[in-house]
Amino acid sequence: MSYDKDHTVIRFDIVKNRRKFFIASSVIIIIGLLFTLFQGLHLGVDFKAGTRLDMFIGKTFNPTDVEEVIKKEVPNVNFSKVTPYGENQAYTRFDQTISSDTLMKIEMALKAKYGEQVSKQVSSVDPSIAQEMVQKAAIAVAIAAVGIAIYIAIRFQWLFGIACVVGLAHDVFIPIALFSILGLEVDITFIAALLTILGYSINDKIVIFDRIRENLRTMKSKTIPELEHLVNVSLWQTMRRSVYTVATVFFTALALAVLGSESIQNFSLALLFGLVSGTYSSIFIAAQVWVNLKERNMKKKKEVM
């Protein structure tokens, strides 16, 4: 533990250990990419043609019995394992769109087995719409990230903009990697979570970059050790604020994940992963990328002189 001239406590030299953080993030992203390439993402019905069938059974049931009913009514169509959730509810997903008449037959068969309280809710997407949804989701995330990076470059300087792009890419890839590794479903709520994550992440990065910019005016930064010390001081000056801000949202998202309905669990989990990733990247990735870029510029200037 050390102190700077203004008595800012530096509990750990973050800048000096930045390579360790780069390696840790790279490992997670590479593993996630490998899982994505060989296992693929578990796409929801929003991004993959097919039909999702939500069933309210209304009493205790065995998922295997429900699967037998579905197989009898739709014998030649693949569908996912019937998964219970909530109170006496379950869902499954078909790999192709199912006609309303067939779905009605399934509902009637379930009513015959479990009673008239049985009801269904259906979401169907055809192949062309699924492909369009994937394209629009990717464009939405890309536009948000590029727009944020341009704002940072104009508001601060272009080196901060580059560091911001790297940090935001990290914040997008980490939740995708974790969803791929854990086999969680990627649906439209996941994209909403990514856009929310980008908003929180950029807010954290702006606070840190703004503190670095302020300290550049008052602290010495003519040498590389002085620059690294300045960034360390800036990070520890904003550390409490960064942790407290993300903690308030983190525990809210955690409550939604634990107590919320099945329909928002993926959103909550993506938000949890992204909040941690965004705070981590602001401190240990984006700021460190800026240090690397700034040091490279300083070395080039010395060589020219």
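**Helix packing and cavities**

Modeller: This is a predicted model. Helix α5 (residues 158–182) packs against helix α6 (residues 188–218) at an angle of about 145°, and their axes are 10 Å apart.

Colleague: Is the crossing of α5 and α6 left-handed or right-handed?

Modeller: The crossing of these two helices is right-handed.

Colleague: Which residues in α5 meet α6?

Modeller: On the α5 side they are F160, A163, C164, G167, L168, D171, V172, P175, I176 and F179. They meet F190, L194, I197, L198, S201, I202, K205, F209 and I212 in α6.

Colleague: And how do the residues of that contact divide by class?

Modeller: Into 15 nonpolar, two polar and two charged.

Colleague: Take the largest cavity. Which residues lie nearest its centre?

Modeller: Y200, D204, T245, V246 and T279, out of 13 lining residues.

Colleague: Which helices supply at least two residues each of that lining?

Modeller: α6, α7 (224–259) and α8 (265–304) do. Of the contributors, α6 gives the most, with five residues.

Colleague: How does the lining of the largest cavity divide into nonpolar, polar and charged?

Modeller: There are four nonpolar, seven polar and two charged residues in the lining of the largest cavity.

Colleague: Now the second largest cavity. Which residues line it?

Modeller: I29, G32, L33, T36, F173, I176 and A177. Helices α1 (18–38) and α5 each supply at least two residues of this lining, and α1 gives the most, with four.

Colleague: What does the lining of the second largest cavity have by class?

Modeller: Five nonpolar residues, two polar and no charged ones.

Colleague: Last topic, the chain as a whole. What does the secondary structure come to?

Modeller: The chain has eight helices and eight strands.

Colleague: And how many of the residues in the chain are buried?

Modeller: Buried residues account for 42% of the 305 in the chain.

Colleague: What about contacts between residues at least 6 apart in sequence: how many join residues at least 24 apart?

Modeller: Of those contacts, 77% join residues at least 24 apart.

How values were computed:
Residues are numbered from 1 along each chain as its sequence is written. This is a predicted model: local features need pLDDT of at least 70, side-chain atom pairs count only at pLDDT 80 or more; totals for chains, interfaces and linings use all residues. Side-chain values use heavy atoms; hydrogens and water are left out. Axes are lines fitted to C-alpha atoms, for helices over the stretch in contact, and angles run from 0 to 180 degrees between N-to-C directions. A crossing is left-handed if the near helix is turned anticlockwise from the far one by less than a right angle, and right-handed if clockwise. Contact means heavy atoms within 4.5 Å. Ala, Val, Leu, Ile, Met, Phe, Trp, Tyr, Cys and Pro count as nonpolar, Asp, Glu, Lys and Arg as charged, and the others, Gly among them, as polar. On a 1 Å grid over the protein atoms alone, a cavity is a set of points where a 1.4 Å probe fits but cannot get out, and a pocket is an open set with protein on both sides within 12 Å along at least five of seven lines; lining residues have an atom within 4 Å of a point. Buried means under 20% relative accessible area, exposed over 50%, partly exposed in between (1.4 Å probe, protein chains only).
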